[in-house]
Amino acid sequence: MASRNLVNFDGVSKAYGEKPLVNDVSLGVGEGERIAVVGRNGAGKSTLLAVMAGLERPDSGRVTLGSDVHLEAVSQVEQFDAEISIADYVVPGLDVHEWATQPRIREVLDGLLGGFDESSLGRTLGNLSGGERRRVQLARALIADADLLLLDEPTNHLDVEIIGWLADHLRNQPRLALVIVTHDRWFLDALCDRTWEVVGGAVEEYDGGYSAYVLAKAERARQAAASEARRQNLLRKELAWLRRGAPARTSKPKFRIDAANELIAGEPPPRDSVELLSFANARLGKVVLECQDASVSAGDRVLLDHLTWNIGPGQRLGLLGANGSGKTTLIRTLLGDQEPSAGTIVRGSTVKPGLLSQHLEELDPSLRVLEAVEEVARRVELGKDRELTASQLCERLGFGSDAQWTPVGDLSGGERRRLQLTRLLMAGPNVLVLDEPTNDFDVETLAALEDLLDGFGGTLLIVSHDRYFLERVCDDFYALLGDQHLTHLTGGVEEYLSLQSSRQSRGPTPATDVTLEPSARTPRVSQAEVRARAKELARVERAMVKAEEAERAIHNQMAQASTDHARLADLNRELQEAQRRTAELEEEWLALAE
């Protein structure tokens with residue numbers, strides 16, 4: 001029996017200026033279908049979803065939504081009423097007694113918001129962080145009980161556990177149709193059975209999730225005898241990765257399995273680990289980073305205690321942990337930006353670190369992209385016999401020949417982040433630390449980055465919530481689980497999720513110290529104290545929002561004063577002070593949250 005048709009495109013076109021993003025597209029979504037939408041940044045993926053949701057009108061053609069179809073959309077940018085409470089936004093028009101007895105709603109609130117107590121749901125939207133807002137958006141959409149759910153970058157700002165919960169929750173609703181735009185390839189594989197690639201204004205369809213799409217696209221390219229050698233090489237690297245049997249590949253390709261196996265069989269491993277280790281030893285020697293009985297703290301909060309950890313040459317390590325667990329603080333301590341509260345950190349004499357942080361560096365907005373990269377170096381050696389010019393590296397990371405002459409001040413946030421990464425690699429580090437490197441990158445740029453890292457002859461330490469990227473690039477994993485220890489994960493991301501799940505099912509770990517006298521035990525916290533601390537937490541969150549707004553205002557002023565160097569110097573000092581204030585507030589927030 002054919003599934004119910006939910007939405008149809010008939011010859012739909014949509015352009016902004018002279019650029020057609022969607023051109024004469026005809027397609028449809030049926031009940032229960034799970035569709036991944038991939039393509040480069042700016043190709044028109046978000047536009048496709050906006051037209052489907054009715055948020056944008058097509059220039060031509062027709063979009064037909066079934067009369068009884070309930071559609072919900074989660075966009076990348078949503079306007080909030082800052083004064084509305086979480087409860088009023090997520091379950092609008094319902095009193096507590098009306099929704100609290102519904103298991104479906106309680107499950108969503110528990111999974112995404114950590115519970116449904118009055119103090120949590122009474123917070124206003126204006127006081128939420130980016131990750132909290134995204135979870136609130138998702139909660140509202142899931143509770144709405146839609147027939148068709150459109151998700152534009154749903155995993156942005158979410159940690160690995162929440163992403164896993166979201167995938168499981170959506171998998172358990174077989175009648176719900178999904179159309180998903182995301183750079184999180186694990187999420188696409190976990191949910192989707194079809195893939196749309198938006199390219200050149202057209203939408204090309206493939207069976208299966210991301211893994212199946214990679215295989216089918218490679219086969220199409222072979223049959224067409226494609227001449228784009230670099231793009232072919234990236235696809236081959238993806239095939240080599242799939243050959244290793246990456247964990248958590250849950251989608252079943254809808255083409256012949258024997259043909260897929262034949263396609264993969266001849267592909268080499270994605271990287272030569274022995275050669276890279278030899279090169280890393282030559283560049284770094286025996287000592288890279290060593291923690292000797294070290295303690296790491298954020299304010300008064302001890303994150304790691306008595307840590308002994310040796311990071312050697314050529315290791316490729318992934319660091320996991322929930323938001324606020326202290327991953328970034330550990331990185332800063334390893335690199336010397338923060339001193340350990342006890343013990344010592346030994347750094348090898350030949351170590352040349354490079355850190356890609358979550359904060360964008362400030363550059364002269366009048367510089368061209370290529371000039372900003374050549375300002376660091378004109379040539380770089382990334383591995384044995386792998387040397388690239390500044391222009392070649394720009395090309396590899398998505399800055400084509402025309403884009404290389406774009407002024408820095410005209411770049412989007414995602415493009416600035418790509419430029420930050422390009423400059424970092426151009427400096428030729430031998431210890432590369434990447435803190436959430438996949439934010440704002442499209443799938444093709446991520447594949448290009450993975451290709452570059454396959455030949456990186458040094459030590460890698462990566463913090464990311466992108467499970468596919470971690471499993472693709474890293475060989476070993478560690479986690480911060482909130483117990484003041486660093487846990488080695490021999491089972492990788494799966495082991496981490498299993499540990500987190502078992503910890504949550506057990507609830508808070510009971511106190512084991514029975515030698516304290518009753519008077520010396522920690523006193524029970526009263527409800528009044530809880531409310532007072534929650535109020536203080538809300539105050540700090542409001543201050544953080546204002547501090548971020550102040551930073552954005554300074555950035556805008558710097559863009560306007562791009563030719564006034566004296567004014568830029570003053571603004572840069574103001575920016576450094578604002579960033580210092582933001583860092584102080586973040587540490588205060590961590591202590592209060594704990």
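Reader: Which residues line the largest cavity, and what makes them lining residues?

Author: In this predicted model, the largest cavity is lined by Ala-141, Leu-142, Asp-145, Ala-146, Leu-149, Gln-173 and Leu-176. A lining residue has an atom within 4 Å of a point of the cavity, so these residues qualify.

Reader: Why is it called a cavity, and how much space lies in it?

Author: About 50 Å³ of space lies in it. A 1.4 Å probe fits there but cannot get out, which is why the word is cavity.

Reader: How do the residues of that lining divide into nonpolar, polar and charged, and why?

Author: Five are nonpolar, one is polar and one is charged. Ala and Leu count as nonpolar and Asp as charged, so Gln-173 is left as the polar residue.

Reader: What lines the second largest cavity?

Author: Its lining is made of Arg-104, Val-108, Leu-142, Asp-145, His-169 and Gln-173, and its volume is about 40 Å³. The lining divides into two nonpolar, two polar and two charged residues.

Reader: What makes a set of residues a nonpolar core, and which members of the largest one touch the most others?

Author: The members are buried residues of nonpolar types, joined through side-chain atoms within 4.5 Å. The largest core has 47 residues, and Val-90, Leu-112, Leu-142, Leu-149, Leu-170, Ile-180 and Phe-187 touch the most other members. Beyond its neighbours within four places in sequence, Phe-187 contacts Pro-154, Thr-155, Ile-163, Leu-166, Ala-167, Leu-170, Ile-180 and Thr-182. Another core, of 46 residues, lies apart from the largest one and includes Val-160, Leu-388, Val-408 and Leu-452. In soluble globular proteins, nonpolar side chains tend to be buried together.

Reader: How do you know that the span of helix H17 agrees with its number of residues?

Author: H17 has twelve residues, 443–454, which at 1.5 Å a residue should span 16 Å. The C-alpha atoms at its ends are 16 Å apart, so the two values agree.

Reader: Where does H17 supply lining residues?

Author: H17 supplies at least two residues of the lining of the second largest pocket, as do strands E2, E3 and E8 and helices H1 and H16. About 780 Å³ of space lies in that pocket. Of its 37 lining residues, Arg-40, Asn-41, Gly-42, Ala-43 and Lys-45 are the closest to its centre.

Conventions. Residues numbered from 1 in each chain as written. Predicted model: local features only at pLDDT ≥ 70, side-chain atom pairs only at ≥ 80, totals over all residues. Heavy atoms only, no water. Buried < 20%, exposed > 50% of the residue type's maximum accessible area, 1.4 Å probe, protein only. Contact = heavy atoms within 4.5 Å. Helix = DSSP H or I, 4+ residues; strand = E, 2+ residues; numbered from the N terminus. Expected span 1.5 Å × (residues − 1). 1 Å grid on protein atoms, 1.4 Å probe; cavity = no way out; pocket = protein on both sides within 12 Å on 5 of 7 lines; lining within 4 Å. Points joined across faces, edges and corners; volume = space filled by probe spheres on them.
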